[in-house]
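I opened a new notebook page for this one.

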Amino acid sequence: FRIMAGKVKWVTDIEKSVLINNFEKRGWIQVAENEDWNFYWMSVQTIRNVFSVETGYRLSDDQIVNHFPNHYELTRKDLMVKNIKRYRKELEKEGSPLAEKDENGKYIYLDFVPVTFMLPADYNLFVEEFRKNPSSTWIMKPCGKAQGKGIFLINKLSQIKKWSRDSKTSSFVSQSSKEAYVISLYINNPLLIGGKKFDLRLYVLVSTYRPLRCYMYKLGFCRFCTVKYTPSTSELDNMFVHLTNVAIQKHGDDYNHIHGGKWTVSNLRLYLESTRGKEVTNKLFDEIHWIIVQSLKAVAPVMNNDKHCFECYGYDIIIDDKLKPWLIEVNASPSLTSSTANDRILKYNLINDTLNIAVPNGEIPDCKWNKSPPKEVLGNYEVLYDEEMAQSDGPDRDLRSRPGQSTGVKGNRARDSGKPVLATWK
């Protein structure tokens, strides 16, 4: 959404109805009708145009946009991995305890992204890694696409070579970003519920990168596959088994249009607490929060922290059968269309709460304010990490509050409204 001077422009009837309800709450519709304000749903492409050197456009202090200019440093699959790898190496050079490795050379605290290579650039490195474990399965994804488009699984080198030959873009020849792929080690031991694979879609709002201030939305959900999972190589081509994207699953014969194959995060918590125990469940969600904060820290130095910007990201997390969470990707434009009644309520609240933080109390936007809204306007958001506050508690705060670690510091958890939360993220 974009708040600018001019006329009102709506994208779809669904978005219009949701936004009008939000704006009416703030008394903005009357102002909009007088053409003093403009509420836009701003796409990633529009952001590129606004911040393009060629356009020469400059935002004024009362104009706020819903993407950072180079958000793709986090939301493009290849750049996300590249930035996380750079972040880990930098921490290693600094001698940070966060970059500690085990006896096998694996990061103890920062191992949350599957082994990933860029194709065609890293083809030889990939082949070397593949030959260490020839029975492994890998997943290939185009860097710049979403909704599961162009994704496929492989378990033989010959399949890569065939893809290279069949590719109309001749990807091993051209270095064009439009044709780049990432290939990642497939998580072939996902946690299953009812025999089906699922992932988590979590919403994270970033109001500023320097200092980093981010919020976790409490009403995320799980997306389930419609077909029971099997690691069998005969099912590698069956995307209804492997990909949780609603854009794919809704075409399956077993797709349920009432619940949309979704669970709320709170239902997942209840399920895990009853099957695995409360302590293990809390540790899992602490680790998910840790992953999100570290991924944001990884891109913070390279992000164009424009004061006119905020962003609501859609994080995709997969949990394996050992209850280890993995960051799969981050979406710049998570879907805000609703496929079910519950979906509509969730996304209505998401938009409402996001706007309340971006523009507290429905006041005239001001990009110069300190972007730290009062608690009463957070709605279903909770502060995930506040860098200014964390720094005031000392440089070792992150490690002290690392979930599941015994560091001798008492009180890893604080209590807020009776619910346990990590002290780190406050």
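I started at Leu202, which stands opposite Tyr315 in strand S12. S12 covers residues 311–319, and seven bridges join it to S8 in an antiparallel run. For my own reference, strands (E, at least two residues) and helices (H or I, at least four) are DSSP runs numbered from the N terminus, and two strands pair if DSSP finds at least two bridges between them.

A note on the source: this is a predicted model, where local features need pLDDT of at least 70 and side-chain atom pairs count only at pLDDT 80 or more, while totals for chains, interfaces and linings use all residues. Residues are numbered from 1 along each chain as its sequence is written, and side-chain values use heavy atoms, with hydrogens and water left out.

**Strand S8**

I looked up the other partners of S8 next. Strand S9 (residues 212–217) is joined to S8 by five bridges, antiparallel, and Leu205 stands opposite Tyr215 there. S8 and S9 form a hairpin with two residues between them. With strand S10 (residues 221–224), S8 pairs in the antiparallel sense over four bridges; Leu200 stands opposite Cys222 in that strand. S7 (residues 192–193) pairs antiparallel with S8 over two bridges, and Ile193 stands opposite Lys196. S7 and S8 also make a hairpin with two residues between them, and Gly194 in the turn has a positive phi of about 65°.

How many of the residues of S8 are buried? I found 13 of the 14 in S8 (residues 196–209), where buried means under 20% relative accessible area, exposed over 50%, and partly exposed in between (1.4 Å probe, protein chains only).

**The cores**

Back to Tyr315: I listed what it touches, not counting residues up to four places away in sequence, and found among others Leu74, Leu200, Leu202, Ile292, Leu296 and Leu327. Contact here means heavy atoms within 4.5 Å.

Which residues touch the most other members of the largest nonpolar core? They are Leu74, Tyr209, Leu296, Tyr313, Tyr315 and Leu327, in a core of 62 residues. Helix H11 (residues 278–299) gives the largest share of this core, ten residues. Apart from it lies another core, of 15 residues, with Leu205, Phe221, Leu350 and Tyr381 among them. A nonpolar core is a set of buried Ala, Val, Leu, Ile, Met, Phe, Trp, Tyr and Cys residues joined through side-chain atoms within 4.5 Å. In soluble globular proteins, nonpolar side chains tend to be buried together.

**A second sheet**

I then turned to an open sheet of four strands, ordered S3-S6-S4-S5 with antiparallel pairing. Its edge strands are S3 (116–119) and S5 (152–154), each pairing on one side only. S3 pairs with S6 (residues 181–185) over four bridges, and the bridge partner of Leu119 in S6 is Tyr181.

**A loop residue**

Thr340 sits in the loop between strand S13 (325–331) and helix H12 (341–358). Is Thr340 buried or exposed? I wrote down buried, because its relative accessibility is 11%. The side chain of Thr340 reaches the backbone nitrogen of Asp343 at 3.0 Å.

**Whole protein**

Last, I noted the totals: there are 14 helices and 16 strands, and 52% of the 426 residues count as buried.

Terms used: A polar contact is a pair of N or O atoms within 3.5 Å; within protein, one must be able to donate a hydrogen and the other to accept it, and residues adjacent in sequence count only if both atoms are side-chain atoms.
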